[in-house]
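I opened the model to look up a helix pair, a single helix and a loop residue, and I kept these notes as I went.

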Amino acid sequence: MAASAPVLLRVLSAAYGAAERAGEIIRRIMSEGDLGIVEKNGALDLQTKADRLVQQSIVGYLARHFPALKVIGEEEVEAGGSPELLEGSLSDEILQQTCPEELSKAQENELIVWLDPLDGTKEYTEGLLDHVTVLIGLAYQGKAVAGVINQPFYNYKAGKGAQLGRTVWGVLGIGGFGFHPAAIPGGKCIVVTTRSHSNKLVNDCVDAMMPDKVVRVGGAGNKVLQLIEGQASAYVFASPGTKKWDTCAPEAILHAFGAACVEIVF
């Protein structure tokens, strides 16, 4: 690794490479046809072989290179395991950035990585592949400061031979990269919200926005990407249940891009 780069950029660069490799694993498992689906807490809360393998691999990869780093993943799986991500590529683009002064001081043991190995698991099992993401967020002093989002099946509707997948990333004070920012056309209010976890409170809050259109899709990472690429003007989910492994990476990229993320107090 580029030992001269600040720790935060080195961790993020490794996370970028890990996310890309994770995307390959997720695509491979889908192509093999055996998803290894189990229910965690009911039919809406699923786990697949890809969830388990990707989390084990990313945690193992980061632990090998950053032993003092704290990594918190969504899945309750045994540590260690797969060697599939123990070697991965780094992002030279990230390592070459000038880190903001306040973030360049961060030490390895002061960073927390929040990991969702497969965001949009239910959609993955249903073949809604454009909803699926890998989320790796970095928090420092209790704040989401950097993140990586991989879309394993980006461009999958382009037909045979299309190059699949993309990885976007962002750091506060540096910016967001790997996506195509756009504004909502015609000044319309388009709200993106949950596809499968709706309730009266969520619907009331969405209605209060007086939207021109409501888009219901899966995955926190997918919804945030819809915001920054001009497919929606607000992501509204007024309900408990979203965890830091869902929000850390998307929040950091949103803020790096110049958008805002706020919490609704119940």
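This is a predicted model: local features need pLDDT of at least 70, side-chain atom pairs count only at pLDDT 80 or more; totals for chains, interfaces and linings use all residues.

Entry one, the helix pair. I looked up how H1, residues 7-32, packs against H2, residues 49-65, and found an angle of about 155° with the axes 10 Å apart. Because angles over 145 degrees count as roughly antiparallel, I wrote the two helices H1 and H2 down as roughly antiparallel to each other. The crossing of H1 and H2 is right-handed. On the H1 side I listed Ala14, Ala15, Ala18, Ala22, Ile25, Ile26, Arg28, Ile29 and Glu32, which meet Lys49, Ala50, Leu53, Val54, Ser57, Ile58, Tyr61 and Leu62 of H2. Sorted by class, this contact of H1 with H2 holds 13 nonpolar residues, one polar residue and three charged ones.

Entry two, a single helix. I checked the length of H8, residues 244-257, whose 14 residues reach 19 Å from first C-alpha to last, close to the 20 Å expected at 1.5 Å a residue. For burial in H8 I recorded Trp245, Asp246, Cys248, Ala249, Pro250, Ala252, Ile253, Leu254 and Ala256 as the buried residues. Just after H8 I came to Gly258, which takes a positive phi of about 110°.

I located His131 in the loop between helix H5 (121-126) and strand S5 (133-140). Is His131 buried or exposed? His131 counts as buried, because its relative accessibility is 9% and the cut-off for buried is under 20%. Leaving aside residues up to four places away in sequence, I found that His131 touches Asp119, Glu123, Arg195, Val217, Gly218, Gly219 and Asn222.

Definitions and conventions: Residues are numbered from 1 along each chain as its sequence is written. Side-chain values use heavy atoms; hydrogens and water are left out. Axes are lines fitted to C-alpha atoms, for helices over the stretch in contact, and angles run from 0 to 180 degrees between N-to-C directions. Helices (H or I, at least four residues) and strands (E, at least two) are DSSP runs, numbered from the N terminus. Angles under 35 degrees count as roughly parallel, over 145 as roughly antiparallel, 65 to 115 as roughly perpendicular and the rest as oblique. A crossing is left-handed if the near helix is turned anticlockwise from the far one by less than a right angle, and right-handed if clockwise. Contact means heavy atoms within 4.5 Å. Ala, Val, Leu, Ile, Met, Phe, Trp, Tyr, Cys and Pro count as nonpolar, Asp, Glu, Lys and Arg as charged, and the others, Gly among them, as polar. The expected span of a helix is 1.5 Å times one less than its number of residues. Buried means under 20% relative accessible area, exposed over 50%, partly exposed in between (1.4 Å probe, protein chains only).
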